Amino acid sequence: MDQYERVLQAAHSVRKTTDFVPEVAIVLGSGLGALADKVEDPIVIPAAEIEGYKVSTVSGHAGRLIFGTLAGKKVVVQQGRIHYYEGYEMGDVVLPVRLMCALGAKTVILTNAAGGVNESYRPGDFMVIRGQIAQFVPSPLRGANDERFGTRFPDMSEIYSRPLISLAKEVAKEAGVTLREGVYLQASGPNYESPEEIRAFRILGADAVGMSTAVEAIAAKHMGREVLGISLITNMAAGIAGPLSHEEVKEAADRAGRAFIALVHGVIAKI
Ligand code: HPA
């Protein structure tokens with residue numbers, strides 16, 4: 001079965017429960033989990049009820065979609081991201097994003113925790129993604145193309161919506177939150193990068209590094225959606241400060257959670 005058929009099948013599973021049509025899709029990264037609790041009149045669909053939807057093995061949440069209202073907008077929130085490093089194919093990794101778009105979402109907000117590659121960044125900073133480097137992981141569009149998703153060779157010169165970047169900056173300013181603007185590089189993980197890789201990534205133009213997001217952005221852009229990406233810098237990337245630990249990343253994400261939520265909430269209100 002091709003990827004488009006898989007998404008149709010997954011959408012069919014969701015439609016057995018709800019005919020809710022979201023305007024905005026939000027993928028929650030580390031530290032943003034609590035945003036899901038803010039969704040009003042939630043309709044929760046566990047991954048296990050959605051045909052073809054893989055179950056994330058890493059996060060505390062088994063994976064689910066939450067439909068409802070947030071900041072006055074009809075949203076769908078993906079909790080429990082599926083990562084390439086878990087061993088899944090890129091088609092599985094981006095299925096939730098494609099599904100949320102197929103269900104109606106016109107705007108996709110991708111969030112993540114990331115390491116700061118730009119040495120002027122500090123843990124706790126936020127970064128709105130202006131551009132990305134995704135060539136260190138396979139493209140989610142590899143394999144037969146279904147024109148119903150989008151064209152075979154889609155343009156990627158402006159993956160991230162300029163108007164949404166401006167909006168995020170506006171909201172950050174009002175909220176008194178430091179928001180950088182930079183380039184996100186998706187590494188394959190699960191190991192953190194070596195200091196040598198980070199130095200190379202910096203030369204390539206990366207400001208932040210993480211293990212998600214870029215392939216989801218490609219899949220959403222392929223479908224012609226407006227994409228916004230926001231990273232929380234949880235740590236300085238390898239070789240800049242001390243050694244890295246998942247605990248450090250989680251703690252930093254938890255600490256910044258409230259500001260992260262305020263930022264994303266503020267952006268959704270203004271879309
Ligand atoms: N590298 C890759 N992924 C990450 C990092 C990092 O330093 N921090 C949070 N996610």
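**Charges over rings**

The charged end of Lys-74 is placed over the ring of Phe-20, 5.0 Å from the ring centre; a charge sits over a ring if NZ of Lys or CZ of Arg is within 6 Å of the ring centre and within 35 degrees of the ring normal. The model is predicted: local features need pLDDT of at least 70, side-chain atom pairs count only at pLDDT 80 or more, and totals for chains, interfaces and linings use all residues. Residues are numbered from 1 along each chain as its sequence is written, and side-chain values use heavy atoms, with hydrogens and water left out.

- Arg-98 lies over the face of Phe-149, at 4.4 Å from the ring centre.

**Aromatic pairs**

- Rings of Phe, Tyr and Trp (its six-membered ring) pair if their centres lie within 6.5 Å; planes under 30 degrees apart count as stacked, over 60 as edge-to-face and the rest as tilted.
- By this rule, there are four aromatic pairs.
- One of them is the tilted pair of Phe-126 and Phe-260, with 5.2 Å centre to centre and 50 degrees between the planes.
- Phe-126 belongs to strand E6 (residues 126-133) and Phe-260 to helix H7 (residues 246-270), so this pair ties together parts that are 134 residues apart in sequence; helices (H or I, at least four residues) and strands (E, at least two) are DSSP runs, numbered from the N terminus.
- Phe-126 is buried at 3% relative accessibility, and Phe-260 is buried at 0%; buried means under 20% relative accessible area, exposed over 50%, and partly exposed in between (1.4 Å probe, protein chains only).
- Phe-136 and Phe-201 form a tilted aromatic pair, 5.1 Å centre to centre and with 50 degrees between the planes.
- This pair links distant parts of the chain, 65 residues apart: Phe-136 is in the loop between E6 and helix H4 (162-175), and Phe-201 is in helix H5 (residues 195-204).
- Phe-136 is partly exposed at 44% relative accessibility, whereas Phe-201 is buried at 6%.

**Salt bridges**

- The whole structure contains nine salt bridges, a salt bridge being a side-chain nitrogen of Lys or Arg within 4 Å of a carboxyl oxygen of Asp or Glu.
- Asp-125 and Arg-180 form one of these, at 2.9 Å from N to O.
- Asp-125 is in the loop between strand E5 (107-116) and E6, and Arg-180 is in strand E7 (residues 179-186), so the pair ties together parts that are 55 residues apart in sequence.
- Asp-125 is buried at 8% relative accessibility, while Arg-180 is partly exposed at 23%.
- Lys-169 forms a salt bridge with Glu-181, their closest N and O atoms being 2.4 Å apart.
- Lys-169 in helix H4 and Glu-181 in strand E7 are twelve residues apart, and their pair links distant parts of the chain.
- Both partners are partly exposed, Lys-169 at 38% and Glu-181 at 26%.
- Glu-170 and Lys-270 meet in a salt bridge at 3.3 Å from N to O.
- Glu-170 is partly exposed at 39%, as is Lys-270 at 34%.

- Ser-212 is located in the loop between strand E8 (208-210) and helix H6 (214-222).
- The relative accessible area of Ser-212 is 8%, so this residue is buried.
- Apart from neighbours within four places in sequence, Ser-212 is in contact (heavy atoms within 4.5 Å) with Arg-81, His-83, Asn-112, Tyr-184 and Gln-186.
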